[in-house]
Structure formats: C-alpha cells, structure tokens
Amino acid sequence: MFGLGDFDIKTTRLYEELKQETTLELVMRQLRRRIGNLSPQLQERISQLSIEQLENLAEALLDFSTEGDLVVWLQDNLTQA
C-alpha cells in the first residue's frame, strides 16, 4: 500500500503498546462500572497484566459483583514470573 511490502504493523512494538493501553483503559472503565472505584493497589496490579490477561479479565468481570470477586480472580489468574 505504501511501498512497505510485507510489513505488518501488528508486529511492531508501538502497536503492542497501544493495544495494551487501550485494552487496559477499557477494562478499567468496565470494572468501575461493574463494581465501583478500585483501590490504587488494585489498579496497579491490573496495569501490570498482559494483553491476554486483560482480555481474560474483560470476560470474567461480567460475572463480578464485588471487589472481592476481582481480588479472587487476580489471585487465581496471576502467574508469578
């Protein structure tokens, strides 16, 4: 299209960073709407999630009714590197 040949923007670091940021923003908005404002500690933990983990959280949060549900999900789904 722009003479870039087989260039795939989805493989760039910038694309990955933007996807991470937009996914995080969406999940945080969904969580606030679902269970209310989150503590800074929970916000920090969520901001450290990978894109895949954020996508999984986006699905799981549909079943949340309390902040405790989020805490349990984080404990069950975070793998320590």
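Guide: A contact means that heavy atoms lie within 4.5 Å. Among contacts in the protein between residues at least 6 apart in sequence, 69% join residues at least 24 apart. This is a predicted model, in which local features need pLDDT of at least 70 and side-chain atom pairs count only at pLDDT 80 or more, while totals for chains, interfaces and linings use all residues. Residues are numbered from 1 along each chain as its sequence is written, and side-chain values use heavy atoms, leaving out hydrogens and water.

Along the principal axes, the C-alpha atoms of the protein fill a box of roughly 50 × 30 × 20 Å. Of its 81 residues, 27% count as buried, a word for under 20% relative accessible area, as against exposed for over 50% and partly exposed in between, with a 1.4 Å probe and protein chains only.

Now to the core, which is a set of buried Ala, Val, Leu, Ile, Met, Phe, Trp, Tyr and Cys residues joined through side-chain atoms within 4.5 Å. The largest one here has 17 residues, and those with the most contacts inside it are L31, L38, I46, L57, F64 and L70. Two or more residues come from each of α1 (13–35), α2 (40–47), α3 (51–60) and α4 (67–77), and α1 gives the largest share, five residues.

Leaving aside residues up to four places away in sequence, I46 touches L24, M28, L31, L38, L54, L57, L70 and L74. Two of these partners, L54 and L57, belong to the buried residues of α3, which also include I51, Q53 and A60. What covers the buried residues of α3 includes α1, α2 and α4.

A60 and W73 are 13 residues apart in sequence, and their C-alpha atoms are 8.0 Å apart in space.

Helix α2 also holds Q43, which counts as partly exposed because its relative accessibility is 35%. Again leaving aside residues up to four places away in sequence, Q43 touches M28 and L38, and both of these are among the partners of I46 as well. With T11 the spacing is another matter, for Q43 and T11 are 32 residues apart in sequence and 28 Å apart in space, C-alpha to C-alpha.

To finish, turn to the segment before α1, where F7 lies. F7 counts as partly exposed because its relative accessibility is 48%. F7 and I35 are 28 residues apart along the chain, and their C-alpha atoms are separated by 42 Å. If you then return to the core, you can trace again how α1, α2, α3 and α4 each give two or more residues to it.

Terms used. Helices (H or I, at least four residues) and strands (E, at least two) are DSSP runs, numbered from the N terminus.
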